[in-house]
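Here are my notes on the model you sent over.

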Amino acid sequence: MKKSKINIVWIKRDIRSQDHHPFDIAEKSVHPYLSIYVFEPSLMAYPDTSIRHLQFQYHALIQLNQKLQPYNKAVNIFHSEAVPVLEIIQQQYEIVNLYSYQESGIALSYNRDKNVQKFCKENNINWSQFQRDGIVRGIHNRTGWDKQWYATMHSPIIKNDFTLQEPLILNNPYPLSDMMLENLKNYPPSYQPAGENFGMKYLQSFVNGRGQFYSKHISKPNESRLSCGRISPYLSWGNLSIKQVYQTIYNAGKIAKAAKEKSNFVNILSRLKWHCHFIQKFEVDCSYETQCINAGYELLEHTINTEYIDAWKKGNTGYPLVDACMKCLEATGWINFRMRAMLVSFFCHHLFQDWRAGTYHLAQLFLDYEPGIHYTQFQMQAGTTGINTIRMYNPVKQSMDHDPQGIFIKKWLPELSKVPTAQIHEPYKMSIMEQEIAGVIIGKDYPFPVVDIVEAGKSARKHIWGHKSNETVKQENKRILAIHCR
């Protein structure tokens, strides 16, 4: 019996219905199409992945399927590796075209794609991969990249129109298990809600007023939760495209009357470009995940201190702002950029731990985990690129500057809720009587600092800044500048 010809739309980090090139091409083809999403065991077991990521993906898919349902279409969800899924579809249909976006992911996902490419070649399947968010595959330096990125951002947004299709029957031998489904459905309400609709709501609320204090509050751990864009999870999992966000904010900026309002829009647009700038770095070289991009910093030795690492992960360092950020991340999956930078700086500088001992923990906590941003930013804050200014964030100073009343600290560290404002940033300096009055005994109810911040800072500067003069570091700087900074 001759098999029916179909196309496949493979959804990855693009869980949306609009500004979606693969859907657009599939709708215009003469062949009907199946949409698929694959929860791959190899990627799920990788140390950068956590249940919160999978839950966000699942709930975004449920919302997408609600949009597709009127057209007798749905994203078919599998729990398997990608090639076996294509094999089982190929047994039931003749796959003519496979449509997807390129994925700037870790080496594991890139190798997966090479296996898919091999399968397609062996089965005469044409695989069309479309450029994602202005990220260009195959370039060897950044010459002309900025101009090309802006051209992409100002190109027309795809308006996806879906047509009614006769349902395609598919036998799926790789369904989600009942236990996995139960875990995926149990999405905590403390996380941002998943899906295209919610992404649009966050975007619209930002341009319609929520972003009026964007620039003023961008560094504040508490206030930024309202005034920042808060669209990063929707970008990371593709519920929104960068182009959709860019044009919405750009157009809002054109009609804004107040100079301060225009400035807020300009500032967030610049960060959208930096978003793609760092993903482009990772697209060119995904070794950012596992190796110092400046090989000279592999020569800087660190002694692994499991007590320090454990204290940092659990929010028990004795430095209130560090610990509050970790508790907040654990509960909500989001903190602002400066607090992320401070966490990495404290880990790599004051605790003087190898950056690789902390990357996966934060990757799992960030609901908006994006490999291309995560590893490149981690190394920049760790000071292992050689080409960026080494910023050492003193958590006490950051606390005083950006949470002066201790509102954020007290929210996430309730054991410090009665500590006077004057002492909230350094509660370990309180006398025993002051501790008793505040209802917190340092060393019992809240830990002593794991390191002396002043001495640890001096030691880190000596080691890290001193290493910049290493000959290998200097030679590597020239190589990195030639590739990434034109």
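This is a predicted model: local features need pLDDT of at least 70, side-chain atom pairs count only at pLDDT 80 or more; totals for chains, interfaces and linings use all residues.

1. A word on terms before anything else: a residue is called buried under 20% relative accessible area, exposed over 50%, and partly exposed in between, using a 1.4 Å probe and protein chains only. Gln63 lies in helix H3; helices (H or I, at least four residues) and strands (E, at least two) are DSSP runs, numbered from the N terminus. Setting aside residues up to four places away in sequence, Gln63 touches Ala194, Gly195, Glu196, Asn197 and Phe198, where contact means heavy atoms within 4.5 Å.

2. Residues are numbered from 1 along each chain as its sequence is written, and side-chain values use heavy atoms, with hydrogens and water left out.

3. Now the overall build. The protein has 23 helices and 5 strands. Its radius of gyration is 24 Å, close to the 23 Å that the globule rule gives for 486 residues, so the protein is as compact as a globular protein of that length. That radius is taken over C-alpha atoms, and the rule is 2.2 Å times the number of residues to the power 0.38. Along the principal axes, the C-alpha trace spans about 85 × 50 × 50 Å.

4. How much of the protein is tucked away? Of its 486 residues, 55% count as buried. Among contacts between residues at least 6 apart in sequence, 79% join residues at least 24 apart. The accessible surface comes to about 21,400 Å², and 54% of it belongs to carbon and sulfur atoms; areas come from the Shrake-Rupley method with a 1.4 Å probe, and for residues only the protein chains shown count as cover.

5. On to the rings. A search of the whole structure finds 24 aromatic pairs. Rings of Phe, Tyr and Trp (its six-membered ring) pair if their centres lie within 6.5 Å; planes under 30 degrees apart count as stacked, over 60 as edge-to-face and the rest as tilted. Phe23 and Phe162 make an edge-to-face pair, 5.3 Å centre to centre with 80° between the planes. They bring together distant parts of the chain, 139 residues apart: Phe23 sits in helix H1 (residues 21-28), and Phe162 in the loop between helix H6 (145-153) and helix H7 (178-185). Both Phe23 and Phe162 are buried.

6. Another pair worth a look is Tyr99 with Phe130, which is tilted, at 6.5 Å centre to centre and 35° between the planes. Tyr99 lies in strand S4 (residues 94-101) and Phe130 in strand S5 (residues 126-130), so this pair ties together parts 31 residues apart in sequence. Tyr99 counts as buried at 6% relative accessibility, and Phe130 is buried as well, at 14%. Elsewhere, Tyr46, Phe282, Tyr360, Tyr369 and Tyr375 form one aromatic cluster.

7. What does helix H17 pack against? The buried residues of H17 pack against helix H3 (51-68), helix H14 (306-314), helix H15 (320-332), helix H16 (337-350) and helix H18 (371-382). Those buried residues of H17 (residues 356-365) are Gly358, Thr359, His361, Leu362, Ala363 and Leu365.

8. Two further glutamines deserve a click. Gln398, in helix H19 (residues 395-402), is buried, with a relative accessible area of 7%. Beyond its neighbours within four places in sequence, Gln398 is in contact with Leu321, Arg338, Met339, Met342, Tyr393 and Asp403. Gln435 is in helix H21 (residues 432-438) and counts as buried at 5% relative accessibility. Leaving out residues up to four places away, Gln435 touches Met430, Val440, Ile441 and Ile442.

9. Finally, some backbone angles to check. Asn72 is not a glycine, yet has a positive phi of about 60°. Asn72 belongs to the loop between H3 and strand S3 (75-79) and is partly exposed at 39% relative accessibility. Asn124 also has a positive phi, about 55°, although it is not a glycine.
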